[in-house]
Amino acid sequence: MQTLVTVEDLYLSYPLASGIRVMVLRGVSFTAGRSGLLALVGPSGSGKTSLIRVLLGLKEPDAGLVRVLGMIPWEEHKKVRRNIGYLSQEGLLVPWLSIWENIMLYLVGRGKSVEGRRDRIMEYARVLDIEKVIHKKPPQLSGGEQRRAELLLALSDDNPIYVLDEPTAMVDRERASSIIKLLKSISEERLVITATHDPWLVDAADITVDLGSYAHR
């Protein structure tokens, strides 16, 4: 099976104002193929979001081998990002545009068109229970609706990899269950990487990488 993501013996630290470096990731290793649902787990501060930043090419590690789609992500950042649908914990929606306009802007920025993707996007919107608010602007939505709209944005393009930071955050159990089912369906043909504290999402994962287990190496 084709390997899309390889991480071998990864170390990452951050400097403090005092000049001391704090080690966030210690010897992390895993591989992921062209499909499947992978869950990054561990307590707060174990490095889940930091690892995502490395995979996206936003941070170069101290040591270790990282390949995403055969590329070193921090050296080919733009190429890597064009092939990844990313859900951040930070808001990514333009507040003066509707959700649908945000999606069109996102796709145009990637050189893509909404045509040919419209039906799939609207089906995802239905599953995420935001179909009726898709023409509203972010400030008109509840916090949970905004979060689900951000997830819809991340899933709107056809990518080989989706990297989703806490995709079931700020939703009730019923909606979280619908999100997990959607991600499982997508992961039958694509690689879906999630960082999560959600035990139901972890149970649904094909691969679990426990960053907490690397903390004392």
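Predicted model: local features only at pLDDT ≥ 70, side-chain atom pairs only at ≥ 80, totals over all residues.
I started with burial: Arg117 and Asp157 are both buried, where buried means under 20% relative accessible area, exposed over 50%, and partly exposed in between (1.4 Å probe, protein chains only). For Arg117 I noted 13% relative accessibility, which is why Arg117 counts as buried.

Residues are numbered from 1 along each chain as its sequence is written, and side-chain values use heavy atoms, with hydrogens and water left out.

Next I looked up the salt bridges (a side-chain nitrogen of Lys or Arg within 4 Å of a carboxyl oxygen of Asp or Glu). My count by this rule came to 13.

I then checked Arg117 with Asp157, and their side chains form a salt bridge at 3.4 Å, N to O. Arg117 sits in the loop between α3 (99-109) and α4 (118-127) and Asp157 in the loop between α5 (143-155) and β6 (161-165), so the pair ties together parts 40 residues apart in sequence. Helices (H or I, at least four residues) and strands (E, at least two) are DSSP runs, numbered from the N terminus.

Arg117 also has a salt bridge to Asp158, with the closest N and O atoms 3.2 Å apart. This pair again links distant parts of the chain, 41 residues apart, with Asp158 in the loop between α5 and β6. I found Asp158 partly exposed, at 32% relative accessible area.

Lastly, I looked at Asp172 and Arg175, whose closest N and O atoms are 3.1 Å apart in a salt bridge.
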